[in-house]
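Hi,

Here is the structure I said I would pass on. Have a look at it first, and then read on for what turned up when I went through it.

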Amino acid sequence: SLFLLKPRKQWYQRRVRGVPLVRELIDDFKCVLMFKGDPVTDIRDSLSYNATNIMKYHGVVRGVEGYMILNVADDPELEEACIELSENIWLPQLWAGGKFIADWRELANLHLDGPLVQILEGCGLSSKLKGCYYEENSPLVLH
């Protein structure tokens with residue numbers, strides 16, 4: 001019979017040298033958006049562009065007082081570190097308060113359904129969309 005062996009997590013983490021760097025970034029900033037490209041000059045992926053637009057809709061600014069961007073487009077080790085820490089292969093990824101929050105699919109749903117407002121406020125950021133959602137799971141409706 002054929003046995004498939006999975007590598008142990010500890011062994012894999014030692015191989016991915018970017019894990020400590022990414023972990024430090026996640027812990028040091030309130031909110032981190034990891035994706036491929038730069039939101040101003042080099043959007044290689046429309047999903048990354050949409051993720052930055054979601055943050056703009058909420059009025060969260062890029063920088064120390066808002067969210068930080070980690071561009072993993074040209075560094076496979078950083079990309080692997082993001083995947084290892086989140087246990088999720090999809091980019092972009094949103095991290096808030098040191099925890100993995102969502103990949104691109106979940107981020108869009110959190111935005112449309114409203115929970116992203118509470119997540120952002122939970123990590124010390126305010127959303128200009130606070131109060132713009134119905135209480136029950138309804139689509140975005142501005143008052």
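**The cores**

The largest nonpolar core is made up of 18 residues, and those with the most contacts inside it are Cys 31, Leu 33, Met 55 and Leu 107. Two or more residues of this core come from each of β1 (31-35), α3 (46-57), β4 (67-71), β5 (93-96), α5 (104-113) and α6 (115-122). Apart from it there is another core, of 14 residues, including Val 72, Leu 78, Ala 81 and Cys 82. Keep in mind while you browse that this is a predicted model.

Leaving aside neighbours within four places in sequence, Cys 31 is in contact with Met 55, Gly 66, Tyr 67, Met 68, Leu 94, Trp 95, Ala 96, Leu 120, Cys 123 and Leu 125.

One of those partners, Leu 120, is worth a click too. Leu 120 sits in helix α6 and has a relative accessible area of 0%, so it counts as buried. With neighbours within four places in sequence again left out, the contacts of Leu 120 are Cys 31, Met 55, His 58, Val 60, Leu 125 and Ser 127. Ala 96 is 24 residues away from Leu 120 along the chain, yet their C-alpha atoms are separated by 7.2 Å.

**The α3 and α5 pair**

How do these two helices, α3 and α5, pack, and at what angle? The angle is about 25 degrees, and the axes lie 10 Å apart. The two helices are therefore roughly parallel to each other, the cut-off for that being under 35 degrees. The crossing of α3 past α5 is left-handed.

On the α3 side, Leu 47, Ala 51, Ile 54 and Tyr 57 meet Trp 104, Leu 107, Ala 108 and His 111 of α5. Sorted by type, the residues of this contact are seven nonpolar, one polar and no charged. Leu 107 turns up here as well as in the list of residues with the most contacts inside the largest core.

**Backbone details in one loop**

Last, two spots between α4 and β5. Pro 92 lies in the loop between α4 (76-86) and β5, and the peptide bond from Leu 91 to Pro 92 is cis, with omega near 5 degrees. Glu 87 is found in the loop between α4 and β5 as well. Glu 87 is not a glycine, yet its phi is positive, near 55 degrees. Is Glu 87 buried or exposed? Its relative accessible area is 61%, so Glu 87 is exposed.

Cheers

Terms used. Residues are numbered from 1 along each chain as its sequence is written. This is a predicted model: local features need pLDDT of at least 70, side-chain atom pairs count only at pLDDT 80 or more; totals for chains, interfaces and linings use all residues. Side-chain values use heavy atoms; hydrogens and water are left out. A nonpolar core is a set of buried Ala, Val, Leu, Ile, Met, Phe, Trp, Tyr and Cys residues joined through side-chain atoms within 4.5 Å. Buried means under 20% relative accessible area, exposed over 50%, partly exposed in between (1.4 Å probe, protein chains only). Helices (H or I, at least four residues) and strands (E, at least two) are DSSP runs, numbered from the N terminus. Contact means heavy atoms within 4.5 Å. Axes are lines fitted to C-alpha atoms, for helices over the stretch in contact, and angles run from 0 to 180 degrees between N-to-C directions. Angles under 35 degrees count as roughly parallel, over 145 as roughly antiparallel, 65 to 115 as roughly perpendicular and the rest as oblique. A crossing is left-handed if the near helix is turned anticlockwise from the far one by less than a right angle, and right-handed if clockwise. Ala, Val, Leu, Ile, Met, Phe, Trp, Tyr, Cys and Pro count as nonpolar, Asp, Glu, Lys and Arg as charged, and the others, Gly among them, as polar.
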